[in-house]
Amino acid sequence: MVPLIDTVIGFSAIMLMLSLLVKSLTSLIKNHVDFYSRNLQHEVNRLALGVLGKSWKAAVAQVKSDQDKRFLEGINWERVGDEFLTKGHVEWLLTKLGATGGALQNLEQRLQVHAASIKYAFDARMKNVALAVGLVLCLGLNINGLTIWKTLYGDQQLRTTFATTYAQSALLSAEKTSQNANPANTPAAAKKAPGKDKKPGSSPNPALPGANTTEPAATGSPSPTDQGSETAQKEKLNEDTQTLMSELADFQKNVNFGIGRIWTENSTGKTARSPWKFFANEFFGSLMTAVLISIGAAYWHDLLRTLTSFSLKKRDEETQG
Amino acid sequence: MTDNTLRLTPQTFPQRFISWLKEFTVGKTNIQQSRMWLALGVILAFALVTTMGLKQHWAGDSGLADIRVVYIGASLLLVTLVLLFGVGSLSRYLPEPDAEDGAPDAAAQDNAAPAGAAPSQPEPAPSSNQPSNGRSEQNGPTH
């Protein structure tokens, strides 16, 4: 029983470490690629169509005031976040576009529907990004969960090491990551990615209600504050990338028994006799590992914590017995 | 009023893949042609790599070298499919570009009454079968 539990703990620890790597890589990609702006623009367009009966662009083209028109045409969607979809802001903009009181009824409820659509699309895409990252990592490096499991189960020394020291280290890393993580993996957080930052505490746009000016400002060149912030973000990204590479190298060093067999195996071994079996084992093993670390990422930490405490309890009982 | 210009595909992953394949036979999906040709090219390229590896292996020359080629081809194919249909240009989570100068907008502008004129006629009811901008009408507006 104990070897099996230790194998499960070791396996969970390795899967947890892989999940953390996938999470870090996904986070880096999220910060580099804008997965949000087009969905936001699209939903605002749909809202305009629902309220005004015409698309945003057509409505802006019909605005009479030149100042308002310049401002509305100058909205940079890549710099606008969730805060754009508040009732006050949107009502003000729609009024500028010619909406009347009747058309603005139930605006808050409509906004909630559109905001939910944006969030759903963003979350779903991020899950698919995580799956793609997991596939690239596992298939590229040929990280095979089946081999890892078999090796852990068959090698007592390795099993003990992974069930104790490595598991503790994985748990600590997971807790550290969750503490350092962004408050939420939300579209709003994504909008604060490098190059998309807005000045903290400022109104999303100075021309919105409550601001002192109505000067169009959405497409202007970045201020020194923005540039400083972007430089700091770039430095942080570089730092994160280096940390990730170092973690990946450590993982490869520690779990080398389950990695890269398809690249290192020579044709004189037993695989020469059954290449298709070897291929199926490596390909589907890596595929399964990718799915486990991408889709099941949320469960490895809890499973490992539960099993570790259970194992410690059982060892104490055996020692006392 | 109609939202023809803003329709998205409410299909699941397999449905969208089948819809994409149908484009080559009946030409009735709402996916842009350029994206489809690009995606088809990439997928065919990786499928070709996989097939070459298989062919070499069946020719009986060597074992692992060909298996590696098949592994690389199959991996690239899989990752490409996930990226295209789950994240990228064929993803249902990525909105289609809005047709800014499409029929509904033009109709809305045509209906705009000049100053002092009598109010225009109300817009006709949305027609669920009227094609717009080369897109089919089988899909509803959703993510």
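How many Å apart are the end C-alpha atoms of helix H13 (residues 297-320) of chain A, and what span should its 24 residues have? The distance is 36 Å, which agrees with the 34 Å that 24 residues should span at 1.5 Å a residue. The expected span is 1.5 Å times one less than the number of residues in the helix. Helices here are DSSP runs of H or I with at least four residues, strands are runs of E with at least two, and both are numbered from the N terminus.

A word on the model comes next. This is a predicted model, in which local features need pLDDT of at least 70 and side-chain atom pairs count only at pLDDT 80 or more, while totals for chains, interfaces and linings use all residues. Residues are numbered from 1 along each chain as its sequence is written, and chains are lettered from A and ligands numbered from 1 in the order in which they are written.

Back in H13(A), the buried residues are A:Ala297, A:Trp300, A:His301, A:Leu304, A:Leu307 and A:Thr308. A residue is called buried if 20 or more other C-beta atoms lie within 10 Å of its own, exposed if 12 or fewer do, and partly exposed in between, with C-beta atoms placed from the backbone. The buried residues of H13(A) pack against helix H1 (2-32), helix H8 (156-180) and helix H12 (275-295) of chain A. Contact requires the C-beta atoms of two residues, placed from the backbone, to lie within 7 Å.

The largest nonpolar core holds 76 residues, and A:Ala13, A:Ile14, A:Leu16, A:Val22 and A:Ala132 have the most contacts inside it. H6(A) gives the most to this core, with 14 residues. Such a core is a set of buried Ala, Val, Leu, Ile, Met, Phe, Trp, Tyr and Cys residues joined through C-beta atoms within 7 Å. Leaving aside residues up to four places away in sequence, A:Ile14 touches A:Ile148, A:Phe162 and A:Val255.

Two asparagines deserve a look. Most residues other than glycine have a negative phi. A:Asn106, in the loop between helix H5 (87-96) and helix H6 (107-141) of chain A, has a positive phi near 55°. A:Asn142 has a positive phi of about 55° and lies in the loop between H6 and helix H7 (145-154) of chain A. A:Asn106 counts as exposed because it has 9 C-beta neighbours inside 10 Å, whereas A:Asn142 is buried, with 23 other C-beta atoms within 10 Å.

Chain B has 4 helices and 0 strands. Of its 143 residues, 31% are buried.
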